[in-house]
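These entries record what I looked up in the structure shown below. I begin with the chain as a whole and then turn to selected parts.

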Amino acid sequence: MQTSHPISQPKRRRRLMPIAVAGAAVLLLILAVMLALSNETSNRFHKIKTGWEEYSQAADPRGLWISEIRGYFGYGGMIHNFKNYVLRQDEKYERTLRAQSRLLLNAIATYQAANPDPVEQDALERIKRVVEEYSRNIEIIKQGISEHKSAEEIDALVRVDDSDALRALAVLERHWLDQRQRNLDTIVVALSDGDALVRSLAGVMVLLTALVGLIALMIFALVGSALRSNAAQLKELEARKSAQMAERKLAWVVQQSPASIMITDTHGTIEFANRKLLEMTGYSEEELVGKSPSILKSGHTPEGAYRDIWKRLSQGKPWRGVFKNLRKDGSHYWAATSLLPLLNEEGEITNYIGVGEDITEKRHVDEQIAQVQKMEAVGILAGSVAHDFNNVLMTIIGNTELIKLESEDMDAPKDVRASIEHIEIASRRARALIQQLLTFARQQPGQARRLELHHAVDEALELIRVSTPPTVQIEFKPAVDLVATDIDPTAFFQIVMNLCHNAVEAIGDKGGRIELRLDRINRGTKGGLKKLPKGALGTIKLEIDDNGPGIPQDIQEKIFEPFFSTKPVGKGTGLGLAIVRNWVEEAGGKVHLQSSRETGTCFTLLFPEFEVTESETEQQSRPQMGHEHILLVDDEEELLYTIRRMMARLGYRVEAFSNPALALHAFRTNPGSYDAVVTDMMMPGMNGAELITALHEIRPELPAMVISSYMVEGSLPDDLKDVVTVQKPVNMAGLAHAMRLTIDRSQG
């Protein structure tokens with residue numbers, strides 16, 4: 001036994017060696033398999049981690065940038081407002097377009113600065129080119145509006161093919177979504193591969209670890225855990241993708257909402273402001289978030305009202321009303337606002353939401369409609385009193401001129417003649433006022449004629465000086481004697497009156513100076529009108545200059561707008577300067593404004609100059625006389641007496657009647673004895689048109705003239721178009737001229 005022991009040891013070792021080697025091999029194999037499994041599993045989880053990080057990082061600002069580009073560029077953005085600006089020609093769209101252009105270019109620049117790939121870079125450049133083309137066309141639209149071009153003409157000038165930009169935007173969105181989808185697919189593939197690898201290796205491990213059950217159980221537990229983790233991650237990915245899409249849609253709705261949306265915390269600090277609110281207020285998001293809504297206060301709403309609103313909101317009740325808010329640039333806007341408390345599941349207030357609609361334009365329209373209705377009411381009143389008032393003025397003017405002539409014949413004292421001249425001035429001013437009332441209220445059309453402006457300015461200043469305080473000096477410094485243009489005399493008189501009256505009000509009680517300068521600019525000389533009508537000799541320049549406080553720069557562009565006024569409510573209609581510019585432009589002229597606090601205000605009026613014909617002064621100095629037999633009819637006894645005396649002074653033989661029926665009877669008795677009929681228009685029983693028609697049935701060639709207090713288009717029937725019409729009140733010279741026109745027209 002002792003001899004065999006040494007021998008049995010090597011045998012045993014030899015027998016155990018294969019088992020040991022096999023066991024070692026199995027262990028090494030198991031170790032290798034475990035290492036391989038561990039390595040492959042680690043690789044798969046590394047891919048999952050990498051893919052997940054790429055997918056998470058893909059939720060970068062590019063999605064927001066793309067959303068901003070579409071919002072600023074698409075419907076409700078630049079394309080929409082560009083078309084509205086062309087069609088409506090409203091300057092608010094210009095401001096909106098410029099703001100959207102700036103924001104859009106900023107978003108594109110920010111995206112480009114993030115080192116996008118070539119596909120994104122190309123799409124951004126294509127969009128940028130179209131945006132820049134739109135931006136350049138804003139000035140073209142503005143120029144076209146200033147040149148009074150139609151929307152079709154402007155559209156032909158600024159039409160932009162934005163189809164390439166829209167395709168580029170679609171490419172940009174699709175490329176971004178495809179990239180996110182590729183990252184997600186990478187994660188899913190890695191999970192699927194890992195799942196297959198783990199399952200296959202799990203089977204091998206079960207076979208290889210039959211001898212080592214503990215290791216097999218541990219590996220099996222590891223595989224089971226990996227499978228559950230993979231399934232949970234897949235489910236989480238799907239849920240997160242769905243939540244992200246819902247959040248993105250909600251963000252688009254809030255940002256692109258046509259209503260302004262503000263969210264504050266329970267202390268009133270702004271936490272969110274959507275794009276519409278930023279456009280309405282002019283603030284950036286950084287300037288609003290973290291601030292109080294009081295930054296928008298204009299002072300229009302009392303502080304007590306704000307306290308009531310906060311009290312109501314703190315009780316969980318909504319509030320609806322209108323605010324007049326203040327923009328960043330200092331201008332105001334009106335917003336119809338709804339304020340609502342935001343409640344959580346427990347019914348507790350967590351935030352406040354403000355939703356607003358800009359109703360500034362609607363309020364302006366309503367105010368303009370109210371102003372127009374007031375003007376229509378004034379028109380009705382003017383039409384109802386014009387007849388009686390002009391009859392009274394006719395009596396005053398006619399008798400004043402008769403007294404003046406008689407005082408000259410009798411060599412009356414100088415103070416008597418001065419008093420008569422004052423009555424003349426006052427009556428002419430009253431005549432101008434009633435003409436102004438009819439012109440403003442009823443928009444009575446004026447009739448342009450050749451008017452010598454030197455004399456016209458002198459005549460207007462006679463009336464202006466009477467109503468001007470002695471602290472204001474008015475000087476007229478004409479550099480030319482005779483210059484004429486074609487314009488309605490009443491319109492020119494009102495132009496001078498309006499501008500001088502505004503200057504007097506601007507100077508105020510402190511006193512100052514108003515200087516009128518009249519000069520001529522030769523044709524083709526700098527400073528004159530660029531486009532002159534046929535037959536024009538050059539340009540007439542009339543300057544009305546005052547040394548008042550001037551007009552602030554921020555409102556100089558608005559003063560010619562209808563209904564714009566810096567005067568207190570009830571002190572002005574806001575129509576004066578708008579009508580001045582309209583009258584000047586109707587005469588083929590232009591109005592320029594220069595104003596500053598240091599130099600005061602100067603309005604420069606440019607008119608086309610025409611050849612001077614016989615001036616009004618010359619006509620007045622030698623009224624045309626006559627000798628014919630006139631049939632005069634007017635139901636106003638005092639007026640009938642005045643006109644008869646004026647005609648008699650001019651040399652006519654006058655037979656006057658206050659009853660049109662009696663006048664018709666007298667004419668029938670001896671129709672050949674009368675050379676002309678002069679009649680009032682509005683008379684009881686038979687108006688002037690009916691009387692002339694009856695007289696023409698007896699004697700068709702009888703010359704006829706109508707003197708009326710308020711003549712409008714269509715007052716006479718078509719068969720009486722040759723009848724001369726004269727507007728009451730009329731002076732001696734005007735009556736003499738109309739009489740000769742009536743009689744000589746029929747003879748010529």
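What share of the contacts in the chain with a separation of 6 or more comes from residues 24 or more positions apart? I found that such residues account for 68% of these contacts, where contact means heavy atoms within 4.5 Å.

Basis of the entries. I am working with a predicted model, in which local features need pLDDT of at least 70 and side-chain atom pairs count only at pLDDT 80 or more, while totals for chains, interfaces and linings use all residues. I number residues from 1 along each chain as its sequence is written, and side-chain values use heavy atoms, with hydrogens and water left out.

The chain overall. I looked up the secondary structure and noted 21 helices and 17 strands; these are DSSP runs numbered from the N terminus, helices being H or I with at least four residues and strands E with at least two. The chain has 748 residues, and 41% of them count as buried. Here buried means under 20% relative accessible area, exposed over 50%, and partly exposed in between, with a 1.4 Å probe and protein chains only. The accessible surface comes to about 41,100 Å², and carbon and sulfur atoms hold 55% of it; the areas come from the Shrake-Rupley method with a 1.4 Å probe, and for residues only the protein chains shown count as cover.

An open sheet. I traced five strands in the order E2-E1-E5-E4-E3, with antiparallel pairing; two strands pair if DSSP finds at least two bridges between them. At the edges I found strand E2 (270-273) and strand E3 (319-326), each of which pairs on one side only. I then followed E3 to its antiparallel partner, strand E4 (residues 332-343), and noted eight bridges joining the two. Leucine 326 has histidine 332 in E4 as its bridge partner.

Serine 595. I located this residue in strand E11 (residues 590-596). Is serine 595 buried or exposed? Serine 595 counts as buried because its relative accessibility is 13%. Its side chain reaches the backbone nitrogen of isoleucine 551 at 2.6 Å. The side chain of serine 595 also makes a polar contact with the side chain of threonine 601, at 2.9 Å. A polar contact is a pair of N or O atoms within 3.5 Å; within protein, one must be able to donate a hydrogen and the other to accept it, and residues adjacent in sequence count only if both atoms are side-chain atoms.

Aspartate 388. I found this residue in helix H12 (residues 360-409). Aspartate 388 has 46% relative accessibility and therefore counts as partly exposed. Its C-alpha atom is separated by 9.7 Å from that of glutamate 636, 248 residues apart along the chain.
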